[in-house]
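Dear colleague,

Please find the structure below. My notes on how some of its parts pack together follow.

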Amino acid sequence: MAKIQAFLKRKNIIFSAKRYGIDALGAMAQGLFCTLLVGTILNTLGQMGVGFLNEIVVTVKQNENTLTYTIGGLASAMVGPGIAVAIGMALGAPGVVLFSLIPVGFAATAMGGAGGPLAVYFVAIVAAECGKLVSKETKIDILVTPIVTILAGVGISALVAAPIGKAASAVGEFVEWATVLQPFFMGILVSVTVGVALTLPISSAAICAALSLTGLAGGAAVAGCCAQMVGFAVIDWMDERQGNVQYCVYIFEEYKRNHYARATSEIILKYLFRKEFLIVYVIIFIDEIIKHFFDRRTSFFALNHTLAI
């Protein structure tokens, strides 16, 4: 057992929830974004009038069928390889294993159907770990490692990709059906679930993509994301609100230390992007107006300085 553990450690194979549930899932979201989501954005820009994005750049003929791709279509079509390579990188796969995951991701997507992203997730993890096991263990590593990785990935895809894809699609369809049936309660459930996923070290985008959420369910997921982000901003503002008075005093004291000669803008620049200084900006703006029309010593800060003396 000790030898096995030492071998796995040398191969950087770690069986943990963090490695597979956080690192790999987060990498899946990045691969998804760089392919499918970017492709969708490019296609949308083409529909909005960016002409060259609507042009056919690749034509593939298969017997009597002809497939055509735009730039965005090509990016979207590479979602499987993109996810597989991203997961392999998150798992610390060597270069040869990483590149061998490209056909593995393509195979898992093709066999997984609409639930392909989830199938790629499981298949890529197993294929990457198999490739890491044999990597640099033989003198013909350049042949053995990619062959083992590809055969393991395609073989596992043939066994589990279709069932995983169907299961993911079924769950997504059930969520959509339930949301249409009970839009109020299911909308709350979906939005809260996705919102909670945002606070956890897992990828909500990867989860939604794996379940292929669309329609009302997809809209509820978007609403949950937006509400969560707004909530974070409000909570952060409320937490920092307690220190606003101290910040005001600090700026006022620094203004006095410079005998009112330092430009107020120089002081503000240090805190330009801090939202709690909005009231300070208003006060200093009024002060600058007073100084512009009256004597400097009659300004707001000067008056406070005189009273303090």
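Helix 5 (residues 95-112) packs against helix 6 at an angle of about 150°, and their axes are 9 Å apart. This is a predicted model, in which local features need pLDDT of at least 70 and side-chain atom pairs count only at pLDDT 80 or more, while totals for chains, interfaces and linings use all residues. Residues are numbered from 1 along each chain as its sequence is written, and side-chain values use heavy atoms, with hydrogens and water left out.

Some terms need explaining. Helices are DSSP runs (H or I, at least four residues), numbered from the N terminus. Axes are lines fitted to C-alpha atoms, for helices over the stretch in contact, and angles run from 0 to 180 degrees between N-to-C directions.

Helix 5 passes helix 6 in a right-handed crossing (the near helix is turned clockwise from the far one by less than a right angle). On the helix 5 side, the residues that meet helix 6 are Val 97, Leu 101, Val 104, Gly 105, Ala 108, Thr 109 and Gly 112; contact means heavy atoms within 4.5 Å. Their partners in helix 6 include Ala 124, Ala 127, Gly 131 and Lys 132. The residues of this contact divide into 10 nonpolar, 5 polar and 1 charged (nonpolar: Ala, Val, Leu, Ile, Met, Phe, Trp, Tyr, Cys and Pro; charged: Asp, Glu, Lys and Arg; polar: the others, Gly among them).

Helix 6 (residues 116-134) also packs with helix 4 (residues 79-90): the axes come within 9 Å and cross at roughly 40°. Helix 4 and helix 6 are therefore oblique to each other (angles under 35 degrees count as roughly parallel, over 145 as roughly antiparallel, 65 to 115 as roughly perpendicular and the rest as oblique). Here too, the crossing is right-handed. Gly 80, Ile 83, Ala 84, Ile 87 and Gly 88 in helix 4 meet residues of helix 6, among them Pro 117, Tyr 121 and Ile 125.

Thr 149 lies in helix 7 (residues 141-181) and, at 0% relative accessibility, counts as buried (under 20% relative accessible area, with a 1.4 Å probe and protein chains only). A polar atom of the Thr 149 side chain lies 2.8 Å from the backbone oxygen of Thr 145. Beyond its neighbours within four places in sequence, Thr 149 is in contact with residues including Val 97, Leu 101 and Gly 131.

Val 144 is also in helix 7. Val 144 and Val 134 are 10 residues apart in sequence and 7.5 Å apart in space, C-alpha to C-alpha.

Yours sincerely

How values were computed
Helices (H or I, at least four residues) and strands (E, at least two) are DSSP runs, numbered from the N terminus. Buried means under 20% relative accessible area, exposed over 50%, partly exposed in between (1.4 Å probe, protein chains only). A polar contact is a pair of N or O atoms within 3.5 Å; within protein, one must be able to donate a hydrogen and the other to accept it, and residues adjacent in sequence count only if both atoms are side-chain atoms.
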